[in-house]
Amino acid sequence: MSVRVGTAVFDDWCSLPMLGGWTDTFVFTMPADAGLPPADYARLLRRMVPIVYKLRRSASLWIRISAAPGNWYGNVVRQTLYGIPLPYAVTPADCPPKVTDFSFPPWTDVVPSPPPPPADFSRDIGLTPQETAVLRVLARLADGYTAEIASLAGMERNPVRAVLRTLYQQKLIEPVASSDYPRWSSTRKGVSLALRSWGVPPQMPFTARRENRLQTGSEHQRPARLWLAWLRQAWRHADVWAGWSELALTRSLYPDALAWGRLNGYETLFWLEVETGHLSREQIRAKTCRRFRQAAAYIRKQNVRLVFCVLALHWVREAVSMVFVDIPADTAVVIGDWKSFGDLPLAGFGEMRLTGQLPAPRYTRGRTKAGIGRKRAERAGHAAERGARV
């Protein structure tokens with residue numbers, strides 16, 4: 001049953017026997033497959049903490065992570081909440097916390113604390129799981145095409161089309177009039193229902209749910225939003241649990257898209273960088289090298305493996321391939337064509353692999369007389385050889 005503290009709302013409350021007494025613990029359930037990156041979801045709790053701390057100093061928090069086959073999601077939530085004044089524990093949904101799970105020992109009393117007042121709040125918004133997933137995707141995107149929505153919702157296109165029609169009939173989404181292809185955005189009512197399904201209290205702003213676009217263009221945006229579907233089509237042997245486009249992992253880490261899953265038995269982050277070729281070769285190499293080093297350092301702290309993928313034009317693929325040397329054993333690098341949906345080389349940890357064959361470089365400038373003479377001599381030799389054969 002939902003409870004409230006001021007304007008903050010939680011899914012449940014319990015008094016746990018701990019340290020010879022009883023805690024005053026508020027419970028918040030955080031589904032890892034709800035369409036929100038872990039750091040963004042944790043920022044919702046950071047907004048509610050000052051309200052709880054002001055009105056109920058004895059409180060502690062228990063964050064239950066559901067639908068999480070791995071550890072990375074919960075670890076990021078734990079790291080994002082670091083420094084809040086209330087003790088908090090982040091555990092799987094079916095594992096009650098122990099005292100060692102809390103960030104610091106929670107307050108306890110010799111008798112259980114009085115329960116907080118109930119809240120007139122429910123996460124049940126009266127939609128099917130598929131409709132809820134699509135509505136959540138559109139609440140995070142400003143707008144999106146059908147293929148992009150299907151990718152981020154983890155669904156096929158035809159079922160998504162049917163869901164979009166249903167949501168449109170219920171006035172939860174609306175078409176974007178200026179688009180030549182079917183493009184959808186969420187109405188105010190649709191955003192409100194999506195926020196409620198995430199557990200956002202009424203009247204509480206939650207702008208952290210939105211994509212971190214950082215002024216990227218449409219060419220850059222589409223491959224990022226299709227990353228989950230791209231992965232699932234290219235690597236059917238990989239388990240892809242969840243993924244997001246244009247997210248912020250930390251204040252300085254902004255992957256174009258990130259998927260979370262398992263590859264070859266290891267918990268893995270599938271990191272995407274899209275290069276549109278608007279910079280020089282030197283700038284692209286420096287940028288790619290910097291982001292690769294940041295990604296490699298990040299996954300070592302998280303104790304997971306990394307697949308670092310670059311999708312780009314042909315000449316950009318040629319330029320960035322020179323960056324990847326001495327690849328660590330816990331990291332795989334793949335470079336693919338950003339126009340070839342669903343086509344990726346098989347990843348090999350400790351290796352760099354490219355899809356297709358890079359075109360040979362073309363040299364149109366700086367031709368010397370000696371070079372021209374050699375070409376003419378070669379052509380003359382070939383002609384003489386053909387004459388001899390005849």
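Is Ser-113 buried or exposed? I began the notebook with this residue and found that Ser-113 is buried, with a relative accessible area of 10%. I take buried to mean under 20% relative accessible area, exposed over 50%, and partly exposed in between, with a 1.4 Å probe and protein chains only.

**Entry 1**

I am working from a predicted model, in which local features need pLDDT of at least 70 and side-chain atom pairs count only at pLDDT 80 or more, while totals for chains, interfaces and linings use all residues. Residues are numbered from 1 along each chain as its sequence is written, and side-chain values use heavy atoms, with hydrogens and water left out.

**Entry 1. The chain as a whole**

I counted 11 helices and 17 strands in the chain. These are DSSP runs numbered from the N terminus: helices are H or I with at least four residues, and strands are E with at least two. Of the 390 residues in the chain, 52% are buried. I then looked up contacts, meaning heavy atoms within 4.5 Å. Among contacts in the chain with a separation of 6 or more, 65% join residues 24 or more positions apart. The chain exposes about 19700 Å², and carbon and sulfur atoms supply 51% of that area; the areas come from the Shrake-Rupley method with a 1.4 Å probe, and for residues only the protein chains shown count as cover.

**Entry 2. The loop between S8 and H3**

I returned to Ser-113, which lies in the loop between strand S8 (88-92) and H3. Leaving aside neighbours within four places in sequence, Ser-113 is in contact with Trp-13, Ser-15, Thr-23, Asp-24, Arg-56 and Trp-107.

Pro-116 is found in the loop between S8 and H3. I recorded Pro-116 as buried, at a relative accessible area of 7%. Not counting residues up to four places away in sequence, Pro-116 touches Val-3, Arg-4, Trp-13, Phe-26 and Arg-56. Pro-116 and Trp-13 are 103 residues apart along the chain, yet 7.6 Å separates their C-alpha atoms.

**Entry 3. Thr-91**

I placed Thr-91 in strand S8 and noted that Thr-91 is buried, with a relative accessible area of 6%. Which residues does Thr-91 touch, not counting residues up to four places away in sequence? I listed Trp-62, Ile-63, Arg-64, Ile-65, Pro-97 and Asp-101. Between Thr-91 and Ile-65 there are 6.1 Å in space, C-alpha to C-alpha, and the two are 26 residues apart in sequence.

**Entry 4. The cavity**

I searched for cavities on a 1 Å grid over the protein atoms alone, a cavity being a set of points where a 1.4 Å probe fits but cannot get out. Grid points are joined across faces, edges and corners, and a volume is the space filled by probe spheres set on the points. The count comes to 1 cavity of 30 Å³ or more, and the largest cavity has a volume of about 60 Å³.

The lining of the largest cavity consists of Gly-35, Arg-136, Val-137, Arg-140, Leu-152, Gly-243, Trp-244 and Ser-245, where a lining residue has an atom within 4 Å of a point. Helix H3 (129-140) and strand S12 (239-245) are the elements that give two or more residues to this lining. The lining divides into 3 nonpolar, 3 polar and 2 charged residues. In this scheme Ala, Val, Leu, Ile, Met, Phe, Trp, Tyr, Cys and Pro are nonpolar, Asp, Glu, Lys and Arg are charged, and the others, Gly among them, are polar.

**Entry 5. Aromatic rings**

I examined Phe-292 and Phe-308, an edge-to-face pair at 5.2 Å centre to centre with 75° between the planes. Phe-292 lies in helix H9 (residues 281-302) and Phe-308 in strand S15 (residues 305-312), so the pair ties together parts that are 16 residues apart in sequence. Phe-292 is buried at 9% relative accessible area, and Phe-308 is buried at 0%. Elsewhere, I noted that ring pairs link Trp-72, Tyr-73, Trp-241, Trp-244 and Trp-260 into a cluster.

**Entry 6. Positive phi values**

I looked up Leu-19, a residue other than glycine with a positive phi near 55°. Leu-19 lies in the loop between strand S4 (17-18) and strand S5 (21-22) and counts as exposed at 53% relative accessibility. Glu-246, which is not a glycine, has a positive phi of about 50°. Glu-246 is found in the loop between S12 and strand S13 (257-263) and is buried, with a relative accessible area of 3%.

Methods: 1 Å grid on protein atoms, 1.4 Å probe; cavity = no way out; pocket = protein on both sides within 12 Å on 5 of 7 lines; lining within 4 Å. Phe/Tyr/Trp six-rings, centres within 6.5 Å; stacked < 30°, edge-to-face > 60°.
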